[in-house]
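Dear colleague,

I am passing on the structure that we discussed, and my notes on it follow directly below. Please read them with the model open beside you.

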Amino acid sequence: MAADGKPLIADEHSIKCEAGEIPNISTKRLAHCDSARVVEVTHDGVTEQAIKFTIRPFDKRISDGIRAELRDLHEAVNGEETWYRLSTLLPRDFAIDSPHRLVLAQWHERVRDGMDSLRPPLSHRLWNGRFVVTLWNAERIEKNGIEGDGEILFDMPALERGVFYEHVYRIRWSAGDDGAIDGWLRTCAPRPGPCASEWKKTLTYRGATGYPDDQVAGYYFKFGLYTVTDFEVPFVAYHKGYKSGATAADVDADDPVFSER
């Protein structure tokens with residue numbers, strides 16, 4: 001990360017090998033010391049932290065994929081409304097021209113004992129530089145099977161490298177028509193401090209956001225980098241500012257735009 005042509009990284013340390021346990025966060029999806037590193041960034045006297053995630057072609061596979069992810073241990077359930085906030089940056093030297101199908105973040109189902117895995121209800125995906133938000137639910141699997149890309153709810157042809165994309169979501173979890181997803185987005189400079197950009201509502205979805213209670217026990221959130229496809233070069237992404245909670249206030253979503261329905 002850089003601002004005004006100057007590097008911003010002041011210090012960093014490994015989460016897996018140096019940080020120890022993190023309250024309410026699982027680190028078991030980190031394959032090595034460099035999978036996730038806390039990066040301290042200082043600019044004009046203001047300091048913030050981000051997490052630098054790295055996957056490499058020769059990394060040990062975890063659950064059938066190459067991944068560097070942190071998981072929020074909170075599990076939302078059907079009937080619950082949950083707010084989420086996260087910022088993501090691709091570095092300027094991100095290997096955008098090297099073929100890739102990556103997951104940057106995903107809301108994953110936790111199936112009940114004895115049930116087969118399904119598909120993540122909501123995901124942030126990067127397909128050769130194209131950013132999409134995809135949806136899966138029981139109805140879609142019944143109609144189209146469990147393979148494929150899911151329903152695309154939001155599509156951006158290319159992510160600008162070197163800037164943070166900040167996302168806020170309000171999700172009502174449900175296997176029925178009362179489910180809902182509202183999403184907002186803004187872009188921010190990589191330097192610490194207030195973001196001057198305005199929020200824009202990018203996603204309004206009404207319908208099933210998950211699976212029936214007899215199939216799933218709840219939904220949890222993971223962010224980092226993950227792929228099940230072969231790739232040839234290391235990939236790096238930064239995430240910062242992750243928050244979740246039951247209300248907009250829990251994720252500091254106080255702009256009037258977040259009251260839109």
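Aspartate 252 and lysine 243 form a salt bridge, with their closest N and O atoms 2.2 Å apart; the term salt bridge is used here for a side-chain nitrogen of Lys or Arg within 4 Å of a carboxyl oxygen of Asp or Glu. Aspartate 252 is partly exposed at 42% relative accessibility, and lysine 243 is partly exposed too, at 32%. In these notes buried means under 20% relative accessible area, exposed means over 50%, and partly exposed lies in between, with a 1.4 Å probe and protein chains only.

Please keep in mind that this is a predicted model, in which local features need pLDDT of at least 70 and side-chain atom pairs count only at pLDDT 80 or more, while totals for chains, interfaces and linings use all residues. Residues are numbered from 1 along each chain as its sequence is written, and side-chain values use heavy atoms, with hydrogens and water left out.

A search of the whole structure finds 19 salt bridges. One of them joins lysine 222 to glutamate 69, where the closest N and O atoms are 3.3 Å apart. This pair links distant parts of the chain, since lysine 222 belongs to strand 16 and glutamate 69 to strand 7, 153 residues apart; helices (H or I, at least four residues) and strands (E, at least two) are DSSP runs, numbered from the N terminus. Both lysine 222 and glutamate 69 are buried.

Another salt bridge brings together the side chains of aspartate 149 and arginine 101, at 2.6 Å from N to O. Aspartate 149 sits in the loop between helix 2 (138-144) and strand 12 (151-156), whereas arginine 101 is in strand 9 (residues 101-111), so the pair ties together parts that are 48 residues apart in sequence. Aspartate 149 is partly exposed, with a relative accessible area of 35%, and arginine 101 is likewise partly exposed, at 36%. There is also a network of salt bridges that links Arg170, Asp182, Lys201 and Arg206.

On the surface, Glu198, Asp254, Asp255 and Glu260 gather in a patch of negative charge. Such patches are made of residues with over 30% relative accessible area and no salt bridge, like charges being joined within 9 Å and nonpolar side chains (Val, Leu, Ile, Met, Phe, Trp, Tyr) within 5 Å.

Two residues other than glycine have a positive phi. Serine 63, with a phi of about 50°, is found in the loop between strand 6 (46-55) and strand 7 (66-76), and it is exposed, with a relative accessible area of 59%. Asparagine 128, whose phi is near 50°, lies in the loop between strand 10 (122-127) and strand 11 (130-135).

Finally, proline 212 lies in the loop between strand 15 (200-206) and strand 16 (216-227) and is partly exposed, at 28% relative accessible area. Leaving aside residues up to four places away in sequence, proline 212 touches Asn78, Ala138 and Ala175, where contact means heavy atoms within 4.5 Å. The C-alpha atoms of proline 212 and asparagine 137 are separated by 9.3 Å, although these residues are 75 residues apart along the chain.

Methods
Accessible areas come from the Shrake-Rupley method with a 1.4 Å probe; for residues, only the protein chains shown count as cover. Lys and Arg count as positive and Asp and Glu as negative; His and the chain ends are not counted. The place of a charge is taken as NZ of Lys, CZ of Arg, CG of Asp or CD of Glu.
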